[in-house]
Amino acid sequence: MSLANQQLNYSDQVTAPAWKIKLLYDGECPLCMREVNFLKKRDAGRGLVAFVDIADENYNPEENGGVDFETAMGRIHAVLPDGTLVKNVEVFRRIYETLGMGWIYAITKLPVIGAIADFLYGIWADKRLALTKRPNLKTILEERQQRMCDTEGRCRAY
């Protein structure tokens with residue numbers, strides 16, 4: 001194989017991730033973790049879904065479609081290999097399709113059902129912190145800010 005072909009193959013590998021969808025999830029949410037653990041089990045090490053914990057202090061929005069921590073905490077997001085962002089019920093629909101279980105969310109492709117599902121998901125997303133007995137988003141953001149800043153007020157981006 002020529003050097004040019006080797007370089008072409010290497011650059012193809014760099015630009016084409018193995019995953020089909022990257023899920024941004026809250027690793028401090030017990031209900032979210034139940035879902036993530038279920039999805040990881042269904043992925044069975046195939047790497048079809050890249051799982052990114054937004055609660056990790058090393059979470060980098062630039063590597064995840066530009067979705068900052070606060071935005072990701074408000075609604076579930078995913079990133080497609082081409083950089084396209086999806087959110088709300090569309091995330092579940094895409095992940096379940098990727099893992100061969102698309103039938104579970106297939107009905108939400110119907111416009112009226114999809115709108116209702118997104119509306120209900122919005123209610124859940126707005127209430128999930130309280131339902132899981134966690135502090136409100138403002139408090140979580142303040143605590144994260146304190147952890148991310150040093151004593152001189154210099155903060156890592158989040």
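Which residues in α2 meet which residues in α4? In this predicted model, Glu 35, Phe 38 and Leu 39 are the α2 residues of the contact, and their counterparts in α4 are Phe 92, Ile 95 and Tyr 96. Sorted by class, this contact of α2 with α4 comprises five nonpolar residues, one charged residue and no polar ones.

**Helix packing**

Two packed helices are described by the angle between their axes and the distance between the axes. Helix α2 covers residues 30-43, and helix α4 covers residues 89-98. Their axes come within 11 Å and cross at roughly 25°. Because angles under 35 degrees count as roughly parallel, α2 is described as roughly parallel to α4. The crossing of the two helices, α2 and α4, is left-handed.

**The sheet**

Four strands form an open sheet in the order β2-β1-β3-β4, and the pairing is mixed. Strands β2 and β4 (85-87) stand at the edges with a single partner strand each, so one side of each has no neighbour in the sheet. On average, neighbouring strands are turned by 25° against each other, direction ignored.

| Strand pair | Residues | Direction | Bridges |
|---|---|---|---|
| β1 and β2 | 21-25 and 49-53 | parallel | five |
| β1 and β3 | β3: 77-79 | antiparallel | three |

Individual residues illustrate both pairings. Lys 22 has Ala 50 in β2 as its bridge partner, while Leu 24 stands opposite His 77 in β3.

How values were computed:
Residues numbered from 1 in each chain as written. Predicted model: local features only at pLDDT ≥ 70, side-chain atom pairs only at ≥ 80, totals over all residues. Heavy atoms only, no water. Pairing = 2+ DSSP bridges. Right-handed = clockwise from strand over helix to strand, strands pointing away. Axes fitted to C-alpha atoms, helices over the stretch in contact; angles between N-to-C directions. Parallel < 35°, antiparallel > 145°, perpendicular 65-115°, else oblique. Left-handed = near helix turned anticlockwise from the far one by under 90°. Contact = heavy atoms within 4.5 Å. Nonpolar A, V, L, I, M, F, W, Y, C, P; charged D, E, K, R; others polar.
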